[in-house]
Amino acid sequence: MTKFTTHGSAAPVERSIDVGNDHKWSVPTETPVAFVYNKRNYAVMLATPADMEDFAVGFSLTERVVDAPQEIDAVDIHQSARGIELHLSIAPEKLERLDIRQQRRNLVGRAGCGVCGLENAETFFKKLPAVCETPADLEMDALTRALGDLRAHQPLNAATRTVHGAAWATRDGEIATVREDVGRHNALDKLIGALARAETDMTAGFVLMSSRCSYEIIEKCARVGIEAVASVSGPTSFAIAKAQEANISLYCRDGKTFVRAAP
């Protein structure tokens, strides 16, 4: 079992700022989060300073640093008002694999981009593993139910009207877990981390994203075996292609209903 240790205090997840005329806005906090594996600097993401245990596990899985949560021995979370450092201890063989990948890649992420610093464009076109033989079929009632309930599970977005949400819903549309972040891919990493830590069967439900579905959403889901994704906005062409490649059922909202975009 992974040991988590937290040091210091993180910045609040939202702040009140004066915009003049005695009017204030509540805005989400965006802070640097550094991932350090066995003292190797790997990435710095701009993220909402919440759910760092989930972020550490989910990011490590979707970045293929580890293949299972149990391969992370410990996570030391160092928090301050200026940022967060996640110091992860992983097995030597996983570190060796990471070092090889680091020779080809220099990743610096930000809230709006999941591939900043990618040096080798061929990485985009590596075939994703098929998550299942037969694509999952979601009922329209389940998709509509999950969408209708999503807002009630996003307290930070209710306060700021700014952040993304990634939700895990059962096949009948009941929302079980939600994570929020200024970055949609960060929110998904946090959700995946939460599901992995709870040993959730990732074939037993679907992911609902409050944002558009871009290719990295599909890629992250494929890496952990999620079979279906729904998004409140339209997908990109590359997301559709990747969903077809991975046999992930992709549903996107079209007005008041959902349409199936792939496969």
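I call a residue buried when its relative accessible area is under 20%, exposed when over 50%, and partly exposed in between (1.4 Å probe, protein chains only). I am reading a predicted model, where local features need pLDDT of at least 70, side-chain atom pairs count only at pLDDT 80 or more, and totals for chains, interfaces and linings use all residues. Residues are numbered from 1 along each chain as its sequence is written, and side-chain values use heavy atoms, with hydrogens and water left out.

**Entry 1: C213**

I began with C213: is it buried or exposed? C213 is buried, at a relative accessible area of 0%. I found C213 in the loop between strand 10 (205–209) and helix 6 (215–224); helices (H or I, at least four residues) and strands (E, at least two) are DSSP runs, numbered from the N terminus. Leaving aside residues up to four places away in sequence, C213 touches I218, V229, S231, S233, G234, P235, T236, A239 and L250, where contact means heavy atoms within 4.5 Å. I also checked C213 against R151, 62 residues apart along the chain, and their C-alpha atoms are separated by 18 Å.

Next I looked at helix 1 (residues 52–62), where 10 of the 11 residues are buried. Among them are F55 and F59. Just after helix 1, I noted that R64 has a positive phi of about 60 degrees.

Then I turned to the aromatic pairs, of which there are 6. Rings of Phe, Tyr and Trp (its six-membered ring) pair if their centres lie within 6.5 Å; planes under 30 degrees apart count as stacked, over 60 as edge-to-face and the rest as tilted. F35 and F59 are stacked, at 4.0 Å centre to centre with 25 degrees between the planes. This pair links distant parts of the chain, with F35 in strand 4 (residues 31–37) and F59 in helix 1, 24 residues apart. F35 is buried at 0% relative accessibility, and F59 is buried at 1%. The Y37 and Y42 rings have centres 5.8 Å apart and planes at 80 degrees, so I logged them as edge-to-face. Ring pairs join F35, Y37, Y42, F55 and F59 in a cluster.

I also saw the charged end of K190 over the ring of F55, 5.7 Å from its centre. The cut-off is NZ of Lys or CZ of Arg within 6 Å of the ring centre and within 35 degrees of the ring normal.

**Entry 2: salt bridges**

How many salt bridges does the structure hold? I have 14, each a side-chain nitrogen of Lys or Arg within 4 Å of a carboxyl oxygen of Asp or Glu.

R97 bridges to D67, with the closest N and O atoms 3.3 Å apart. R97 is in helix 2 (residues 92–102) and D67 in the loop between helix 1 and strand 6 (72–80), so this pair ties together parts 30 residues apart in sequence. R97 is partly exposed at 29%, and D67 is partly exposed at 48%.

In helix 6, E219 and R223 are 4 residues apart, about one turn of the helix, and they form a salt bridge with closest N and O atoms 3.3 Å apart. E219 is buried at 18%, whereas R223 is partly exposed at 23%.
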